[in-house]
Amino acid sequence: GIQTEASNQDSSMSCSRSHPGISLPLQQLSDTSMSSKDKEGSTLAVDRAAVRFGAVPSMTGGSGAMSARQSKSGGKKQKKSMIGRILPSNLKQEKRRFFDSKFSVSPQFQYDSPVPENRVKSVHSTTDNLLPQALNILQSVRRKYGGYTGFMERTGGAIMTHSQVVSFWTSYLTSQGLSSTVNIKFRKHMAAPTMVSGKTVIMRFPTNYRIHRMKGTADHEVGTHLLRRLNEAQQPWFKRQEEFGMQRSLVTEEGLACLNTYLERGEKLMFRAAMSYYSVCMAEKNSFVGVWNALTPYLDDVEARWEACFRCKRGLADTSQAGAFSKDQVYLGGCDMLLKARESIDFTDLYLGKVSLEDIDTAREHGRKQGILLPKFLADGPSRSSYLKNLDAIA
């Protein structure tokens, strides 16, 4: 079965006798699937918006998990990561105010533990060098599917029930040989639909995954972030990267995870990565309202549009001003970097740990290869050949 992180003070309990190792919040314990209807007055769905935007890149792995990192250590809660600190304390209220204004008044966010805005804006350097590629993807989706809603409905498949999600994860972890290693937890009030914290996969409850996208989410979160993290702990450079002259791996981490999300999808258009990149470009020069208007042609779902605008403006207090939290550009940027290098590298080397593309040679020279965990899609020769063909299709 699946082991479970012990319930903490987020009001969680065992899901059912058939899955005793999976915990989820009290209340709303029935199979729940949300409507994808666009309603201007639907202002209270802030905790669900990211799921509707697509259960793909989330703030996990190299970037850290949100409040899940508040696990107790030595009787004291660990400090929130930066991602946790830039979640506004008045998010629901400001979302309601924005919707009530007919999308004309930019939110004024408040934070319990504010991060200096100069630090928020410098997490990742904002660029526009891939803006033409991002726009090409967005416009292709619009031409081919009529917009975001059509794209999701035609490529994502039916929305899964909660029991189907539980069954999927049970099967997936077993197939990867991780059923006794990885825990599953469901939690309310998360900014991302899925994230990894330690050896635990945490998903927002109620769940709202689509059947043809669930495998990509698992390959992103577990098949990339979690496996690289487990392998990292076995390496001589673990917590000593500077001694080995190794660089920050965020772009490689998220780029690899993003590529792995699309391996088994019939449609290879990376809409989410392109939208994230484009949103940051717009936010750098526009207010929240300006970003909202810029995204309107490509995001017909107002909940998804809110989520996209929020992600690139979080961490800022007065969102009527130009400026962006630019981390989400790493997805498309990382994909582009790895695709250009795909014929000259061995992708299994990227599983020696949380290794950046620039440090592959260092990792190969000093890394321990015995006992390294690989995802099934890179486990043997035929799988690796298929993997490269999929990358060619994405490129």
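Pro206 is found in the loop between β7 (200-204) and α8, where helices (H or I, at least four residues) and strands (E, at least two) are DSSP runs numbered from the N terminus. The peptide bond that leads from Phe205 to Pro206 is cis, with omega near 0°. The model is predicted, so that local features need pLDDT of at least 70 and side-chain atom pairs count only at pLDDT 80 or more, while totals for chains, interfaces and linings use all residues. Residues are numbered from 1 along each chain as its sequence is written, and side-chain values use heavy atoms, with hydrogens and water left out.

β7 also takes part in a hairpin with β6, with two residues between the strands, and Gly198 in the turn has a positive phi of about 65°. The two strands pair in the antiparallel sense over four bridges, pairing being assigned if DSSP finds at least two bridges between two strands. Within this arrangement, Met195 stands opposite Ile202 in β7. Strand β6 (residues 194-197) is covered on both faces, with Thr194 and Val196 buried on one side and Met195 and Ser197 buried on the other; buried means under 20% relative accessible area, exposed over 50%, and partly exposed in between (1.4 Å probe, protein chains only).

Helix α9 (residues 250-261) has twelve residues and spans 16 Å from its first C-alpha to its last, close to the 16 Å expected at 1.5 Å a residue, the expected span being 1.5 Å times one less than the number of residues. Eleven of the twelve residues of α9 are buried, among them Leu250, Leu256, Cys258 and Thr261. The cover over the buried residues of α9 includes α8 (214-232), α10 (271-285), α13 (330-341) and α15 (381-394).

Lys102, in the loop between α3 (91-100) and α4 (117-121), has a positive phi near 60°, and Lys102 is exposed, with a relative accessible area of 57%. Lys239, in the loop between α8 and α9, likewise has a positive phi near 60° and is exposed, with a relative accessible area of 69%.

Asn90, in the loop between α2 (82-85) and α3, counts as buried at 8% relative accessibility. When neighbours within four places in sequence are left aside, Asn90 is in contact (heavy atoms within 4.5 Å) with Gln108, Phe109 and Gln110.
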